[in-house]
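Subject: Structure handover

Hello,

Here is the structure I said I would pass on. Please open it alongside this message; my notes follow below.

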Amino acid sequence: MTRYSAFSVFREGLRGQTGWSKAWRTPTPRAAYDVVIIGGGGHGLATAYYLARTHGVTNVAVIEKGGLGGGNTGRNTTVIRSNYFYPESAALYDLSVKLYETLSRELNYNVMFSQRGMLATCHSEPEMEMAARQVNAMRLNGVDAELLTRDQVRKRAPLLNFGPDMRFPIHGGVSQPRAGTGRHDAVAWGYARAADARGVDIIQNCEVLDLLTEGGRCIGVRTSKGDIRAGVVGAAVAGHSSVIADMAGVDLPITSYALQAFVSEPLKPVLDTVVLCPPFGTYLSQSDKGGLVIGGGLDRVPSYGQRGNLPVQETVLAGLVEMMPALASVKLLRHWAGIVDVTPDSSPILGPSGLDGLYLNCGWGTGGFKAIPAGGYLFAHLLATGAHHEISRPFDRARFETGHLIDEGAASGIAH
Amino acid sequence: MQIFPCPFCGPRNETEFHFAGELGKARPTTTEAVSAKEWASYLYAQRNEKGAVHEVWMHLPCSELFVMERDSVTMDVLGARSLREGAE
């Protein structure tokens with residue numbers, strides 16, 4: 001593996017770019033591994049990396065039915081934040097933000113984490129009171145947060161609508177300065193390259209067709225490239241978690257929905273932070289290439305179809321034009337959808353599946369990208385030790401039976 | 001826009017319809033003891049199938065609930081009938 005540095009770029013420039021090696025190998029699957037991870041997206045690859053780095057478990061395979069990061073990892077709007085309400089969520093998502101802060105250096109791969117801050121606007125005095133509660137909760141949980149006045153919001157994002165015709169005038173906002181955006185593909189590729197360098201086999205274009213079970217225990221997977229036995233199997237397959245659960249004969253409290261996103265033609269810099277307007281459910285940021293990356297609420301119809309549709313497009317873009325009327329004439333370049341795995345309390349499920357030998361990392365819903373380092377870190381702990389890390393314990397699926405739900409949908413007012 | 005069939009009003013725009021839930025989920029009988037597992041299954045578990053699905057939908061203008069059969073991958077509508085038809 002060639003180490004990436006300013007010097008190596010300079011050297012290869014002089015040598016005609018002949019000295020680069022492949023970022024990862026293309027191995028044929030072995031008959032057995034200590035750990036098999038289903039799903040070569042961010043969470044699966046991060047899990048493999050932390051298994052090797054933190055736990056010294058390198059006899060690991062990541063099985064991916066398509067190409068790396070081709071699912072939700074490559075379809076999200078790249079926002080990274082930890083502005084959650086409950087202590088359990090704050091511990092989880094802030095672990096992720098902290099790992100992201102040092103990730104480029106750790107992986108020797110630029111994931112372009114840009115801490116440009118995130119701003120959520122408030123549009124009434126009662127909303128300002130709820131915002132103060134949110135800010136206080138975040139600070140008590142050790143997460144940075146600021147309550148902004150209308151003038152401060154205007155200074156931060158002058159493109160927002162402050163005109164007299166705005167249907168819901170802006171009263172202020174909540175800001176998380178450490179939030180930001182990253183390069184989603186680079187997160188998958190960086191983890192893949194670092195895991196591969198530690199001996200993990202990454203097997204692409206290999207679909208899991210069934211689970212192998214013996215005596216009520218999962219002992220491997222049946223794939224399109226043959227059977228692979230495993231000490232333990234971990235599934236990190238997002239929107240397809242119910243399909244794996246069906247193979248395992250366990251039920252899951254998950255519904256798969258399409259979540260759509262949009263990117264505009266490239267513009268000169270107009271916005272240097274992430275802005276969310278909750279009443280419209282629309283949020284956006286501007287990428288380094290200049291495109292506006294726009295997201296909104298999820299479809300209210302269960303779906304496995306990875307594509308967008310017109311009614312949601314209309315809702316999201318109507319919100320955008322109300323938020324920032326100056327963008328009304330901007331043209332869209334692309335519009336797509338990913339399939340997200342939504343739980344009843346908008347919190348993830350980490351832990352044993354209910355079938356011995358099979359563990360689940362799922363239920364991240366609309367916010368899986370921001371959680372990739374923490375999801376991988378905690379899932380690796382589960383797979384290596386068979387026990388929960390303190391941070392992942394509250395997210396065990398047992399909470400649906402005990403009633404200890406972590407209802408972030410209601411608490412932090414996330415749109416979905 | 002996609003056209004959905006209401007068994008009572010005929011083909012209508014998809015924005016007039018509301019997804020209510022999966023078909024066939026029965027509330028546990030509380031005349032007997034119901035375990036936490038059974039309650040959790042009733043309240044939260046979803047079949048969430050990939051492919052052909054049977055779901056309960058409401059057509060908002062006429063407020064009638066009905067059963068729609070869809071393909072959850074292609075989003076094709078495979079059929080629609082009133083809830084009463086299935087019960088008989």
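The centres of domain 1 of chain A and domain 2 of chain A, taken over C-alpha atoms, are separated by 28 Å. Please keep in mind that this is a predicted model. Domain 1 of chain A is made of 27-108 + 183-253 + 345-411, and domain 2 of 118-179 + 256-342.

Where the two domains meet, 25 residues of domain 1 of chain A are in contact with 26 residues of domain 2 of chain A. On the domain 1 side, the elements that give two or more residues are β3 (79-80), α3 (87-101) and α8 of chain A. Of these, α3(A) gives the most, with four residues. By class, that side of domain 1 has nine nonpolar, 13 polar and three charged residues.

Next, the contact between the chains. Chain A puts 19 residues into it and chain B 17 residues. On the side of chain A that touches chain B, two or more residues come from each of α8 (241-248), β12 (255-264), β15 (292-302), α9 (310-323) and α11 (399-402) of chain A. The most come from β15(A), with three residues. The residues on this side of chain A divide into 11 nonpolar, five polar and three charged.

Is α8(A) mostly covered or mostly uncovered? It is mostly covered, with six of its eight residues buried. Those buried are A:Ser241, A:Ser242, A:Ile244, A:Ala245, A:Met247 and A:Ala248. Just after the helix, A:Gly249 takes a positive phi of about 75 degrees.

The largest nonpolar core has 130 residues, and A:Val36 and A:Ile38 touch the most other members of it. Helix α10 (residues 372-385) of chain A gives the most to this core, with nine residues. At least three residues of the core come from each of domain 1 and domain 2 of chain A. Leaving out residues up to four places away in sequence, A:Ile38 touches A:Ile63, A:Val208, A:Val221, A:Val233, A:Ala235, A:Ala236, A:Val237 and A:Ile244. One of these, A:Ile244, is among the buried residues of α8(A).

Two pieces of strand pairing are worth a look. In chain A, strand β9 (residues 208-214) and strand β10 (residues 217-223) run antiparallel and are joined by six bridges. A:Thr213 has A:Cys218 in β10(A) as its bridge partner. The hairpin of these strands has two residues between them, and in it A:Gly215 takes a positive phi near 60 degrees.

In chain B, four strands form an open sheet in the order β3-β4-β5-β6, with antiparallel pairing. Why is one side of β3 (17-22) and of β6 (77-82) left without a neighbour in the sheet? Both stand at the edges and each has a single partner strand, so one side of each has no neighbour there. From one strand to the next, the twist averages 35 degrees. Strand β3(B) is joined by five bridges to strand β4 (residues 52-59) of chain B, and the two run antiparallel. Within this pair, B:Gly21 stands opposite B:Val56 in β4(B).

Regards

Note on methods. Residues are numbered from 1 along each chain as its sequence is written. Chains are lettered from A and ligands numbered from 1 in the order in which they are written. This is a predicted model: local features need pLDDT of at least 70, side-chain atom pairs count only at pLDDT 80 or more; totals for chains, interfaces and linings use all residues. Two residues are in contact if their C-beta atoms, placed from the backbone, lie within 7 Å. Ala, Val, Leu, Ile, Met, Phe, Trp, Tyr, Cys and Pro count as nonpolar, Asp, Glu, Lys and Arg as charged, and the others, Gly among them, as polar. A nonpolar core is a set of buried Ala, Val, Leu, Ile, Met, Phe, Trp, Tyr and Cys residues joined through C-beta atoms within 7 Å. A residue is buried if 20 or more other C-beta atoms lie within 10 Å of its own, exposed if 12 or fewer, and partly exposed in between; C-beta atoms are placed from the backbone. Domain bounds come from an automatic or database domain assignment. Two strands pair if DSSP finds at least two bridges between them. Axes are lines fitted to C-alpha atoms, for helices over the stretch in contact, and angles run from 0 to 180 degrees between N-to-C directions.
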